[in-house]
Amino acid sequence: MVYDVAIIGAGMAGASLAAELHHRQSVILIEAEDQPGFHATGRSAAFWDECYGGLDVQPLTTASGPLLQAPSEDFASDSFLRPRGSLYIGRSDDEAGLRAFYSKFTAQGVRLEWLDHDQMLNHIPGLRTDWCFGVRGPDCSDIDVAALHQAYLRKAKRNAVDLALRARLMSASRSNDIWSLQAGNETIEARIVVNATGAWANDIARLCNASPIQHNPFRRTVAQVQTAPLAPSFLPLVIDYRGQFYFKPEGQGRLWLSPHDETPSLAMDVAAEEMDVATAIDRLENATDWKVERVERSWAGLRTFSADRKPVFGFDPNQPSFFWCTGQGGFGIQTAPAAAKLCAALIEERSLPEDLKGIDPAAFAPGRFIT
Ligand SMILES: Cc1cc2nc3c(=O)[nH]c(=O)nc-3n(C[C@H](O)[C@H](O)[C@H](O)COP(=O)(O)OP(=O)(O)OC[C@H]3O[C@@H](n4cnc5c(N)ncnc54)[C@H](O)[C@@H]3O)c2cc1C
């Protein structure tokens, strides 16, 4: 059998695209691991925030909001979002930067509020006085990442997408317009190959002789900690405007805390380093009156960016049956619904659906890296 589309990688990017390719006759999702979602997808901090990822990413995040908030009944019975709110905090030196940040995003239609220190204390009791200004995003939400990923895999299955697990793509060749893919013990044939392999994007591009569009994986650490006094469960997602840390509550008295690290890494299964966890704790204790009593667990994952930190969506100009769905960086969950619909429309040569109006696919095209 020759599949119309073979998607390599069954993380959030590959699974969501597989689910949205319903106009195609035959699709296979090829995953190296025993379980889809083992890498970046299974390690995220699970928030949807329209400012996170920057102005170029915001339209994809915003367009994904309603799809996550109120999914159609046949997709999921519950919303994937729970209200959290965000608060970007800054010191006196950050005022100009924070005001520019506030203006840029409000001009895009994002709901934001400017807060002074006393107003911030209502949201973050224990915040030290040197944090003078904040920008609050009332619409920021927690995302149920596992439920979203599973819903996409279920939808793909309903649409007769085949799933091959323990099937690492090892080699690829193409003749008579058909790819022959050696994946695990199988040889799979397909007309179009989609690269949705996150940190492994460069490897797959090399195997398929596609354009050398550089993708860089960076390690990001999260620790689940208990504090004294107990951190309240109503806290927003708190992000240092300068990108030194973020934290959000995970149940009563627990925080998910990150030093906002971005350490270059090889594509691999990464783990948290003690020094990064210690840095995160130090930064939290400098920003608030809380003490970390216990680190309950910690983990790390790879966030993979293209050179301009925008995702790469589209057919390769030099290898037209090779499609890029890569570079989702730190926003691949919150943008997945819109990104999957956009990529599916490009692959099936349809116009973009109504809910993506205003998004220009050219902004994400791989051709921007090819001279
Ligand atoms: C600590 C952390 C916090 C984050 N927090 C957030 C957040 O709050 N909100 C948000 O939106 N995003 C967040 N992200 C980013 C988000 O997790 C990623 O953008 C997203 O998961 C990327 O999905 P993916 O499918 O591209 O990659 P992955 O989930 O890594 O999937 C790629 C898949 O490709 C497979 N693969 C690789 N090579 C091969 C091969 N040769 N053959 C077959 N399969 C192969 C891998 O096994 C893997 O399963 C965070 C990331 C990290 C690390």
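This is a predicted model: local features need pLDDT of at least 70, side-chain atom pairs count only at pLDDT 80 or more; totals for chains, interfaces and linings use all residues.
**View 1. Helix α8 within the fold.** Of the 12 residues of α8, 11 are buried, so the helix is largely enclosed by the rest of the structure. These buried residues are Ala336, Pro337, Ala338, Ala339, Ala340, Lys341, Leu342, Cys343, Ala344, Ala345 and Ile347. At 1.5 Å a residue, helix α8 (residues 336–347) should span 16 Å, and this agrees with the 16 Å that separates its end C-alpha atoms. Just after α8, glutamate 349 adopts a positive phi of about 55°.

View 2. The ligand is surrounded by 37 residues, the closest being Glu31, Thr41, Leu169, Gly329 and Gln334. Sorted by class, the shell comprises 18 nonpolar, 13 polar and six charged residues. At least two shell residues come from each of α1 (12–20), β13 (215–228) and β18 (291–306), and β18 gives the most, with three residues. Because domain 1 (2–64 + 144–214 + 308–369) and domain 2 (86–138 + 216–306) both give residues to this shell, the ligand lies between them.

View 3. A polar backbone atom of glycine 329 is 2.9 Å from an oxygen atom of the ligand, while a backbone N or O atom of methionine 12 lies 3.1 Å from an oxygen atom of the ligand. For glycine 330, a backbone N or O atom lies 3.1 Å from a nitrogen atom of the ligand. The ligand on its own has 1,000 Å² of accessible area, of which the protein covers 98%.

Technical notes. Residues are numbered from 1 along each chain as its sequence is written. Side-chain values use heavy atoms; hydrogens and water are left out. A residue is near a molecule or strand if one of its heavy atoms lies within 4 Å of it. A polar contact is a pair of N or O atoms within 3.5 Å; within protein, one must be able to donate a hydrogen and the other to accept it, and residues adjacent in sequence count only if both atoms are side-chain atoms. Accessible areas come from the Shrake-Rupley method with a 1.4 Å probe; for residues, only the protein chains shown count as cover. Helices (H or I, at least four residues) and strands (E, at least two) are DSSP runs, numbered from the N terminus. Ala, Val, Leu, Ile, Met, Phe, Trp, Tyr, Cys and Pro count as nonpolar, Asp, Glu, Lys and Arg as charged, and the others, Gly among them, as polar. Domain bounds come from an automatic or database domain assignment. The expected span of a helix is 1.5 Å times one less than its number of residues. Buried means under 20% relative accessible area, exposed over 50%, partly exposed in between (1.4 Å probe, protein chains only).
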